[in-house]
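I opened my notebook to look up a few aromatic and backbone details here. Come along as I go through them one at a time.

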Amino acid sequence: MRRYPALIPAVLAAALLAPAASAHGIWFAERARHVALVYGIGADDLDMVRRLPQVERIVAFDAAYRPVAASLKVAGPVVLVDGPSKPVVIAAVLQNGVWSRHAGQEFEAGGRDAMPDAQLAEKTVKYAVSIQGPLTAPLPALPGQRLQIVPAAIPATLGAPLTYTVLYDGRPVAGARVIADMVNDPDAKETPTAADGTVTLPVRNQGLNVIRAVYDGPSDDRSRYDRIEHTATLSFTLPHAPE
């Protein structure tokens with residue numbers, strides 16, 4: 001069993017602020033037999049092309065977790081992963097900017113410098129890891145993924161319980177809020193990770209699975225935002241039976 005150093009979360013004033021009811025994220029999914037990077041929540045497949053300049057990292061690995069070439073390209077209304085070979089694992093990071101809101105209102109772009117009396121101001125960062133092929137070793141902590149969901153075993157059976165560890169800066173974190181299906185059940189009740197950073201959920205879909213975790217980390221610029229909302233996804237697909 002893999003072990004990670006213990007992490008004691010900082011006690012922050014921002015933790016007293018109510019979290020957003022839902023969080024958009026990024027994940028990888030197949031589009032016309034190509035792998036695409038998607039931004040959205042539930043059935044909302046939003047404009048990823050416009051957000052492409054906000055992607056600060058795209059990396060890919062083979063079955064031995066050696067880096068392989070990968071980049072993103074625009075193909076009409078979607079953003080596709082491009083490279084000379086199909087990777088086994090792909091990961092990306094998108095800087096989603098600073099957002100603020102007053103009580104009972106929608107989030108608006110900008111921080112406390114623009115909305116000093118906002119109820120909440122937060123910086124938002126989106127992370128995505130996708131298992132695209134058979135794994136030969138456990139998924140490690142990947143570079144650039146400040147928040148990452150790591151499965152304890154290779155996902156294989158529909159409905160079977162699967163334990164995930166949520167890592168923050170490479171170490172397990174308690175209190176990350178996890179749902180089992182960001183695409184088909186985005187408003188599901190969130191399950192917090194335990195003291196050891198783990199949560200156990202059933203594998204939900206015979207097809208695309210997108211697990212989501214949200215963790216509110218400390219602000220690195222208190223004059224502009226109260227916290228940093230980190231949103232991570234882990235996506236994988238269970239193959240259907242032969243036709």
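I started with Asp 169 and found it partly exposed in this predicted model. I then checked where Asp 169 sits: in the loop between β12 and β13 (171-172). I also noted its phi, near 55°, a positive value in a residue other than glycine.

Tyr 65 was my next backbone entry. Its phi is near 60°, again positive in a residue other than glycine. I placed Tyr 65 in the loop between β4 (55-61) and β5 (67-68). Is Tyr 65 buried or exposed? I read a relative accessibility of 17%, so Tyr 65 counts as buried.

On to the rings. How many aromatic pairs does the count come to? I got 1 aromatic pair. The partners are Tyr 168 and Tyr 215, with ring centres 4.9 Å apart and planes at 55°.

I looked up where the two partners belong. Tyr 168 is in strand β12 (residues 161-168), while Tyr 215 is in strand β17 (residues 208-218). The pair therefore ties together parts that are 47 residues apart in sequence. I found Tyr 168 buried at 8% relative accessibility, and Tyr 215 buried at 9%.

I found the charged end of Arg 51 over the ring of Tyr 39, 4.0 Å from the ring centre.

Note on methods:
Residues numbered from 1 in each chain as written. Predicted model: local features only at pLDDT ≥ 70, side-chain atom pairs only at ≥ 80, totals over all residues. Heavy atoms only, no water. Phe/Tyr/Trp six-rings, centres within 6.5 Å; stacked < 30°, edge-to-face > 60°. Helix = DSSP H or I, 4+ residues; strand = E, 2+ residues; numbered from the N terminus. Buried < 20%, exposed > 50% of the residue type's maximum accessible area, 1.4 Å probe, protein only. Lys NZ or Arg CZ within 6 Å of the ring centre and 35° of its normal.
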